[in-house]
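Dear colleague,

I am passing a structure on to you with this email, and my notes on it follow below. Please read them beside the coordinates.

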Amino acid sequence: MLVNVLYFGHLREATSKEKETLEVPSEATLATLIELLEQKYGPEYRKAMDAIKGLRILIDGRDSSILGGTDAPLKEGCTVVFLPPIAGG
Amino acid sequence: MQGGYMNRILRVDLSNRTWTTEELDEKLVRDYIGGRGFGAKFLYDDLKPGIDPLGEENEIIFIAGPLAATGAQSCARFEIYFKSPQTGGYFQSSGGGFFAPEMKFAGYDAIIIKGKSEKPVYLWIHDDKVEFKDASYLWGLGLADTEQLIREELNDPYVRVAAIGPAGENLVKYAGVFSDRRAAARGGGGAVMGSKNLKGVAVRGHQKVPIANNEAFQQALKAQVGAYKGNPMYEMMHTTGTQASELTAVLGMYPWKNFREAPGPEWEKLQASEFNKLRVRKMGCQNCMIRCSQITKVWDGPYKGVWSEGPEYETLWSFSGPIGKAEIGLTVLADRLCDDLGMDTISAGQSIGFAYELYEKGIITKEDTDGLELVYGNIEPVPRLIEMIARREGFGNVLAEGTKRMAEKYNQGSEYYAIQVKGLELPAYDPRGAKAHGLNLATSPLGADHNYGYGSQELFGVPIPHPVDRFAVEGKGEITKFNQDWAAFTETGILCTFASLMTGPDIFSQLLYGATGVEEFADPNYMWVVGERIVNLERMFNAREGFTREDDRMPERIVKDPLPYGPSAGQVFEQDELLDQYYEARGWDKVTGIPKAQKLRELGLDFTLDYAAQ
């Protein structure tokens, strides 16, 4: 199935992309996607991800932390956002 | 008092040009601590119910917190308190910069001003002296010129000035009070000053703020600085400030075309990486290491050469979402204009955006708008409209009243999409996508003010007191109470909202204890009770004015129309269920939305019992 991925900040630099659509297995979880990104962009991706303190990962606009963390299931056409801390004011 | 406070309040009567000082009352300090606690108590005690917000009896109160100019981080904000001409209720607004510390150096914790001057004046407060200075030559001038000319007249570049621009003089309902390009913008405090012929307040002083327990204070300060440095929010605020559209955009909460839609890809033109290209310098308030403010300059395109300190997130949205077009240069120009003319960007942008929808629906035409074509996506009229609002010229005179009164004027069902609560326009978050954040906007006594109880759990994913699902309804009454009480807790010392999450209740309590020496303040549980007391007192101010549950209602568009697409698609604001939960969490009467006598007694607010729920 296809999922959309959005990057901001250092992850944008690590991938040289703002967004992309990726094919993942039909039973994929967030962990599956992160592994795939590591394969695609190398260990630098994981390093960049781990370096962002307070990184939020949203799946269709909801925090992955309340959807099961890295076990959160992905759905066909869903959007995953890797979001560094950002504030409104 | 041993420390933190200057132990002196200045009372000024502009009608007869007199002033007096009084000492701080010890019980007032213990029960309300300072900052917002003082503001709420002064307003409740001083103002009779039913007074005209633009009449002589209303007050404009400036307050500096007990931590201002002590060395505590991020506590230099000044706050103003008044009965709002925009909402008819209790109001407080907060601005940064350097004004509050200078008030303390001049020896005052609060400056309470009532009456009306016969001619335009500004107050010159320097140490023990108060002078009424002629401001006729300043009337009509923008904020930058006003501040500069006052400093020149007083021959002192270090004088701090809080003043109004033409918007305040012309009683624009959402005119603000500004100091060093920082705004206490919301609710019409500028109009209150304008109604008093008070152009500004200039302060300068040479006193030192005493610290009661320096060892405890320094220890708390060290902990505060350490907490900042270990927090990702600090890095982000220090680097980009709030100049970013992406947070609410990826949550589907960046309102578009008067809250009718979620944005398409337009938001990408206003994300942090785009503002990075415009940033030329950082600025900060007195004694704040965050330095979140950004000077931006437009380098090319139709707005080339324009610069501003900002725009902050709310402003970059206010001049994109409501008009359905994202042009970064316009957001910088609009910010600059509003700062100089002296008005709130949120209400200005929303009033303009509301007019665009009225125009689209044919309720108003070019005949009404002085020939301006208010078609979504057409940004050309916006700078002109901002000027017209501030000077109440032509159609600007209508926009200057805000969306609630505009809907009353044009009627034809437009109240449905006048996006305001209690007359105050909603800020840059669609409440359908974050129920606790929305519940705060609905129930705040100020109207739709986000800082009254920011839903940081939903917006930032902050897991305190626990993680929440932003779409869930259950439990949002409790969370909203938590957020509102926390904001009141931290505003006793006027700690900046951005810094409050990083500082936390334990460190903040220790800072207050160390500075003031008041033992009770060292206990966060005591502070939580004071926070709740303040929120209840503010509610009772409005109850005395006749506000009820009916005034906590969101615009019908937010309640009835699901968001059509995006990450919050299908969501509405479940108003009745959310309000019931909130009143229950607060111990307030569900039918009227007014605190019950038992709750008021529990909080030591017996003097408000005449207006308690029956």
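The crossing of H7(B) and H20(B) is left-handed, a crossing being left-handed if the near helix is turned anticlockwise from the far one by less than a right angle, and right-handed if clockwise. Helices (H or I, at least four residues) and strands (E, at least two) are DSSP runs, numbered from the N terminus.

Before the rest, a word on conventions: this is a predicted model, in which local features need pLDDT of at least 70 and side-chain atom pairs count only at pLDDT 80 or more, while totals for chains, interfaces and linings use all residues. Residues are numbered from 1 along each chain as its sequence is written, and chains are lettered from A and ligands numbered from 1 in the order in which they are written.

As to confidence, the model scores ipTM 0.92 and pTM 0.97. Chain B has an average pLDDT (the predictor's confidence in each residue, from 0 to 100) of 97, and 100% of its residues score at least 70.

To return to the helix pair, H7 (residues 214-229) and H20 (residues 497-516) of chain B have axes that come within 8 Å and cross at roughly 160°, where axes are lines fitted to C-alpha atoms, for helices over the stretch in contact, and angles run from 0 to 180 degrees between N-to-C directions. That angle makes H7(B) roughly antiparallel to H20(B); angles under 35 degrees count as roughly parallel, over 145 as roughly antiparallel, 65 to 115 as roughly perpendicular and the rest as oblique. Residues in contact (C-beta atoms, placed from the backbone, within 7 Å) include B:Phe217, B:Leu221 and B:Tyr228 from H7(B), and B:Met502, B:Ile507 and B:Tyr513 from H20(B). By class, this contact has 12 nonpolar, 5 polar and no charged residues, with Ala, Val, Leu, Ile, Met, Phe, Trp, Tyr, Cys and Pro counted as nonpolar, Asp, Glu, Lys and Arg as charged, and the others, Gly among them, as polar.

A second pair in chain B, H2 (residues 36-46) and H21 (residues 524-544), packs at an angle of about 30° with the axes 10 Å apart, and these helices are therefore roughly parallel to each other. H2(B) passes H21(B) in a left-handed crossing, and their contact has 7 nonpolar, 1 polar and 3 charged residues.

In chain A, helix H2 (residues 30-41) and helix H3 (residues 43-51) pack at about 125°, their axes 6 Å apart, and are therefore oblique to each other. The contact is made by A:Leu37, A:Glu38 and A:Tyr41 of H2(A) with A:Pro43, A:Glu44, A:Tyr45 and A:Arg46 of H3(A).

Between the chains, the contact takes 20 residues from chain A and 26 residues from chain B. On the chain A side, strands S3 (56-59), S4 (62-63) and S5 (79-83) each give two or more residues, and that side has 10 nonpolar, 5 polar and 5 charged residues.

A cis peptide bond, with omega about 0°, joins B:Gly310 and B:Pro311, and B:Pro311 lies in the loop between strand S15 (307-309) and helix H11 (313-318). A cis peptide bond also joins B:Ile464 and B:Pro465, where B:Pro465 is in the loop between helix H18 (456-460) and helix H19 (476-491).

Best regards

Terms used
Contact = placed C-beta atoms within 7 Å.
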